[in-house]
Amino acid sequence: MESNNENFLKYLAQTSTIPLAIEIKKAEGVWLFDSNNKKYLDLISGIAVNNIGHCHPEVINAIQDQIQKHLHVMVYGEFVLEAQVKLAKLIQRTLPEPLNNIYFVNSGSEAIEGAIKLAKRATGKPKIISFDNAYHGSTHGALSMIGDEALKQPFQPLLPEVNKIKFNDFNTLDEIDNKTACVVIETIQGEAGAIVPKPEFMRALRKKCDETQSLLILDEVQCGFGRTGKLWAFEHYSITPDIIVTAKGLGGGLPLGAFISSKEIMDKLSFDPALGHITTFGGNPVSCAAAYATLNVIIKNELYKKAESKERLFRKNLNHPAIKSINGKGLMLAVEFDSFETNKKIIDSLIKKGVITDWFLFAPKCLRIAPPLTISEEQINYACSLIIDTINEEA
Ligand SMILES: Cc1ncc(COP(=O)(O)O)c(C=O)c1O
């Protein structure tokens with residue numbers, strides 16, 4: 001009989017020529033267990049998804065409660081779903097005015113699509129500005145805005161009137177003009193290698209958007225939900241976006257995304273045309289119940305605050321001449337080596353030792369550290385000692 005692993009390679013479409021293909025049987029807290037019961041410390045959380053660890057008991061309870069009540073019913077205004085309402089209200093309490101109105105979708109890419117459509121509809125303008133090395137997702141609109149030509153080229157033509165400017169470069173802000181509907185930016189760039197913007201740059205960007213009446217869209221799909229030391233990464237910069245986009249960690253391990261704006265702007269999706277943005281499964285009640293439990297755990301335990309001291313512990317431990325730099329904030333870190341080859345050797349060897357890490361799409365020299373926010377100090381020390389041992393062996 002063929003193994004699950006063989007059937008995985010045979011029946012499931014692969015998105016790379018080198019799939020790792022470890023069969024996961026169980027996941028709990030910061031640990032993953034494979035089919036041989038080998039234990040792995042998860043240092044990447046399914047790429048910044050499992051922010052409160054795998055299968056957190058409060059999330060599992062919330063899912064179980066919700067499935068006793070109902071699964072999908074319908075979401076175009078016909079029915080009021082308590083799971084959605086409770087979550088929307090809780091999220092709203094964490095955000096400054098005027099971010100008081102939310103539309104739930106299923107993923108980050110879809111939230112980005114909704115946000116740029118909303119910006120075009122609300123401003124009546126055609127142009128979109130995005131940044132070099134940005135990643136916003138894989139659908140056509142999101143792909144149009146990413147900062148890497150090689151990924152985009154085979155799928156042209158993409159969206160027209162998307163201009164790419166330089167992250168952290170004040171001079172390129174002049175590209176934003178009165179025809180710009182929106183500027184889309186990751187508050188902290190993920191796939192670029194956890195690149196943190198200068199606070200003055202974010203404030204200058206906000207000012208330029210105000211001057212040109214362009215909407216500022218912050219993509220917090222990867223950096224949101226407590227990962228960087230604040231609940232929302234934009235809180236580091238004393239600015240408020242016009243639209244915020246979230247997904248990944250939002251659903252606590254279930255698929256959920258959202259774009260959030262003011263009621264005034266969001267209302268534009270309800271007329272001329274009606275149903276300006278819709279999706280069958282957006283705000284699935286089970287995902288919303290899981291998200292509500294997740295957000296409560298983050299708030300109750302102030303996990304975002306602890307991300308800062310855990311960052312300090314990683315930085316203190318990861319001290320080695322082969323490490324060129326450590327970028328990022330909180331538990332969104334990128335450890336830079338001299339080459340992709342060195343990084344890949346370290347990643348492969350760590351996996352053998354039972355630690356899961358990864359590189360970044362646009363920063364192949366950098367090792368990704370994005371563990372669940374619940375990782376303990378002891379587990380950080382353990383992970384770092386294995387990383388340092390591995391660097392000594394491979395670098
Ligand atoms: C910053 C950012 N935006 C958007 C997305 C797309 O999210 P999804 O993969 O859920 O479509 C990602 C995914 O990695 C991301 O990192």
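Me: Which residues of helix 12 are buried?
Reply: In this predicted model, the buried residues of helix 12 are N343, I346, I347 and L350. They cover an arc of only 100° around the axis, which puts them on the same side of helix 12.

Me: And which residues are exposed on the other side of helix 12?
Reply: E341 and K352 are exposed there.

Me: What do the buried residues of helix 12 pack against?
Reply: They pack against strand 13 (355-356), strand 14 (359-360), strand 15 (363-369) and helix 13 (377-394).

Me: How far apart are the end C-alpha atoms of helix 12?
Reply: They are 20 Å apart, which agrees with the 20 Å that the 14 residues (340-353) should span at 1.5 Å a residue. Helix 12 is followed by G354, which has a positive phi near 95°.

Me: Let us turn to helix 8. Which of its residues are buried?
Reply: M202, L205, R206, K208 and C209 are buried in helix 8. Their arc around the axis is only 165°, so they lie on the same side of helix 8.

Me: What covers those buried residues of helix 8?
Reply: The cover includes strand 7 (180-186) and strand 8 (215-219). On the face turned away from the buried side, helix 8 carries the exposed residues P199, E200, K207, D210 and E211.

Me: What is the reach of helix 8 from its first C-alpha to its last?
Reply: Helix 8 (residues 199-212) has 14 residues and reaches 20 Å, close to the 20 Å expected at 1.5 Å a residue. Just after helix 8 comes Q213, with a positive phi of about 50°.

Me: Now the ligand. How many residues surround it, and which are the closest?
Reply: The ligand is surrounded by 14 residues, and the closest are S107, G108, S109, G137 and V221. Helix 5 (residues 108-123) supplies the largest share of the shell, three residues.

Me: How does the shell around the ligand divide by class?
Reply: It has seven polar, five nonpolar and two charged residues.

Me: I should also check the backbone. Which peptide bond is cis at P98, and where is P98 found?
Reply: The bond from E97 to P98 is cis, with omega near 5°. P98 is found in the loop between helix 4 (82-94) and strand 4 (101-105). The bond from D272 to P273 is also cis, with omega near 0°, and P273 is in the loop between helix 9 (263-266) and helix 10 (285-300).

Me: What is the phi of D272, then, and is D272 buried or exposed?
Reply: Phi of D272 is near 50°, a positive value in a residue other than glycine. D272 is exposed, with 8 other C-beta atoms within 10 Å.

Me: And K248, buried or exposed?
Reply: K248 is buried, with 25 other C-beta atoms within 10 Å. Its phi is near 35°, again positive, and K248 lies in the loop between strand 9 (243-246) and strand 10 (257-261).

Me: Finally, the whole protein. How many helices and strands are there?
Reply: The protein has 13 helices and 15 strands. Its radius of gyration is 21 Å, close to the 21 Å that the globule rule gives for 395 residues, so the protein is as compact as a globular protein of that length.

Me: What share of its residues is buried?
Reply: Buried residues make up 48% of the 395.

Terms used: Residues numbered from 1 in each chain as written. Predicted model: local features only at pLDDT ≥ 70, side-chain atom pairs only at ≥ 80, totals over all residues. Helix = DSSP H or I, 4+ residues; strand = E, 2+ residues; numbered from the N terminus. Expected span 1.5 Å × (residues − 1). Buried ≥ 20, exposed ≤ 12 C-beta atoms within 10 Å, placed from the backbone. Arc of directions from axis to C-beta. Contact = placed C-beta atoms within 7 Å. Near = placed C-beta within 6 Å. Nonpolar A, V, L, I, M, F, W, Y, C, P; charged D, E, K, R; others polar. Rg over C-alpha atoms; globule rule 2.2 N^0.38 Å.
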